Amino acid sequence: MNEYAVRLPAGFVSDEAALEREFDSRLSDSSTLAFRVAFSVLRHREDAEDVAQEAFVRAHRSIRQLRDRGRFRAWLVRMTWRLAIDKRRGDRRRCAREEAVAPVETSASSEDALIAQERGMRLWRAIDALPEKLRLVIVLSAIEEQSVRDVAALLEVAEGTVKSRLFDARKRLQEMLCETKSTTR
Amino acid sequence: MRDEVDDTLTELVESLRIEPRRDIAADVRARLAQRPVRIARSGSWYFGVAAVAAVTLILFARAAWRTREYGDPAPRPAAQSAADRDEHVRQRLSAPSEAVPSRAIHARERREQPSRMLAAYDNVLVPDDQARAVDRLLARVRSGAVIVPAANSLPLDKDGLLLAPEPVRIVRVIVDRLPPLDPDSAEEAQ
């Protein structure tokens, strides 16, 4: 009986320590991934860093509920994505209120910068117009340098599903770019 | 157009090849170190169980104390017929003073259904000339009228205990006409 009483806390403590170590290593591995996922939604560096940080804190809080630790990255990606979308919604409401009060100041910039800015805006507008499933696939494939296998692992879907979603996304992007061209002419 | 899509996707890859400026891992570690997470995280489950156990124990102890103090509570009677109710009220009215229910039992009776207490009004003894007024009153009570008892006209039994529950509401105008119940006349009537 005493033997068990001594063993149990020791096992508990060592289990806790192992979990902490595991989380720490995953934190180092996946912080950039979480940041990029957040950035793909928010397009703001500081906000993306905040969201990535918050996602890790939440992951730490509930990592015990994750039965298969091998799915950590996929789990983190989904959590970060949701957090970033929530933040963007909140920010949009806040921006709308602030813009209603104070008019936005326009600053003079060079022609190249304006063109680059315009191209960037067009790109993100097209990406934002995609349905969420397609958007996530295309963003993750961009983050993972077009590796279908990695994206499938992150989304926990079959590689064929990723391919078909990428195909759909490309098709829609093509249509949208056509539309934008025809309207600008 | 296909080239343009490829260009767009290449642009996307380029724009997402961004590195965070802050050390996110270090920030997270610092944030986790600041919070008193250890107790809350590993102990929350145990604290929850302990709290539930403590509340259960307190409830059991209270129930045991009440049983010792006031006796075993009688089971609440099931739906009774009108005859049973009348019999119950007759027994209550004719009970000797020693058999007056204890404070706890009386309180329990006061919590009973108002319909149960209407029978008590049926048995309130009133002079003949007031009987019609009482009939009207009871008809109104049965039809769910809002009734407010006047303090000096509450029907009391021989020991001054209230026969009706406090929430029973009686039309003040009608009840005010009733004289206070005289215990002697009640005994005579029985």
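**Two chains and the interface between them**

Among the contacts in chain B between residues at least 6 apart in sequence, 67% join residues at least 24 apart. This is a predicted model, with scores of ipTM 0.71 and pTM 0.51.

Read from the N terminus on, the elements of chain B follow the order α-α-α-α-α-α-α-α-α. Chain B has 190 residues, and buried residues make up 28% of them.

How much confidence does the predictor place in chain B? The mean pLDDT of chain B is 63, and 32% of its residues reach 70 or more. Confidence in chain B is highest in helix 2 (residues 24-34), at 85, and lowest in helix 8 (residues 172-177), at a mean of 40. Over residues 97-101 of chain B the pLDDT stays under 50, and the model has six contacts beyond four places in sequence for them. Residues 146-151 of chain B also have a pLDDT below 50. In the model, this second stretch has 21 contacts beyond near neighbours in sequence. Where pLDDT is low, predicted coordinates should not be read in detail.

The next topic is how chain B meets chain A. In the model, 43 residues of chain A are in contact with 30 residues of chain B. The size of an interface is often given as the accessible area lost when the parts come together. For chain A and chain B, the buried area is about 3700 Å², with 58% of it on carbon and sulfur atoms. On the side of chain A, the residues that lose the most area to chain B are R45(A), Q53(A) and R170(A), which together account for 16% of what that side buries.

Which helices of chain A supply at least two residues each to the side that touches chain B? They are helix 1 (2-42), helix 2 (45-62), helix 4 (111-128), helix 5 (132-143) and helix 7 (159-184). Helix 1 of chain A gives the largest share of that side, 13 residues. By class, the side of chain A that touches chain B has 18 nonpolar, nine polar and 16 charged residues.

Terms used. Residues are numbered from 1 along each chain as its sequence is written. Chains are lettered from A and ligands numbered from 1 in the order in which they are written. This is a predicted model: local features need pLDDT of at least 70, side-chain atom pairs count only at pLDDT 80 or more; totals for chains, interfaces and linings use all residues. Side-chain values use heavy atoms; hydrogens and water are left out. Contact means heavy atoms within 4.5 Å. Buried area is the accessible area (1.4 Å probe) that two parts lose on being put together, summed over both. Helices (H or I, at least four residues) and strands (E, at least two) are DSSP runs, numbered from the N terminus. Ala, Val, Leu, Ile, Met, Phe, Trp, Tyr, Cys and Pro count as nonpolar, Asp, Glu, Lys and Arg as charged, and the others, Gly among them, as polar. pLDDT is the predictor's confidence in each residue, from 0 to 100. Buried means under 20% relative accessible area, exposed over 50%, partly exposed in between (1.4 Å probe, protein chains only).
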